[in-house]
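Please look over the sequence and the model shown here before reading the briefing that follows.

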Amino acid sequence: MAAEDAWLDEEEAARVLGVTVSAVHALIHRGLLSAVGPPPYRVRRDAIDACIERCRIPPGALPFSKRLDPPRSAQPRFNRDGTPDRRYGQRCGNDT
């Protein structure tokens, strides 16, 4: 990579990261991405690559929930006689 290609403006940095320019500003202000200059910032390509690596989530790091069925509130509700309870949005037959 040539020396002149090593620096990106904030719009190019946002495109590479897949975020908005305001998100790039937030990363800079939080110290997750190093940049130079007052706005508009210039960012080194290697700083972007380092930020991506720091933010990467390794496989298996997120907890896995064994519950695969929808929450109980999403289940249809029925009256005692087995008909759908209209208070919860269920419809019967051709009713409109």
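Glutamate 10 lies in helix 1, where helices (H or I, at least four residues) are DSSP runs numbered from the N terminus. This is a predicted model, in which local features need pLDDT of at least 70 and side-chain atom pairs count only at pLDDT 80 or more, while totals for chains, interfaces and linings use all residues. Residues are numbered from 1 along each chain as its sequence is written, and side-chain values use heavy atoms, with hydrogens and water left out.

**Glutamate 10**

- Glutamate 10 is buried but has no salt bridge, the nearest side chain of opposite charge being that of arginine 42, 10 Å away; buried means under 20% relative accessible area, exposed over 50% and partly exposed in between (1.4 Å probe, protein chains only).

**Nonpolar core**

- The largest nonpolar core has 12 residues, among them Leu8, Val24, Ile28, Tyr41 and Cys51; such a core is a set of buried Ala, Val, Leu, Ile, Met, Phe, Trp, Tyr and Cys residues joined through side-chain atoms within 4.5 Å.
- At least two residues of this core come from each of helix 1 (10-17), helix 2 (21-29) and helix 3 (45-55).

**Cysteines**

- The count is 0 disulfides, a disulfide being a pair of cysteine sulfur atoms within 2.5 Å.
- The sulfur of cysteine 51 has its closest cysteine sulfur, in cysteine 55, at 4.2 Å, which is too far for a bond.
- Cysteine 51 is buried, at 3% relative accessible area, whereas cysteine 55 is partly exposed, at 46%.

Technical notes. Lys, Arg positive; Asp, Glu negative; His and termini not counted. Salt bridge = Lys/Arg side-chain N within 4 Å of Asp/Glu carboxyl O.
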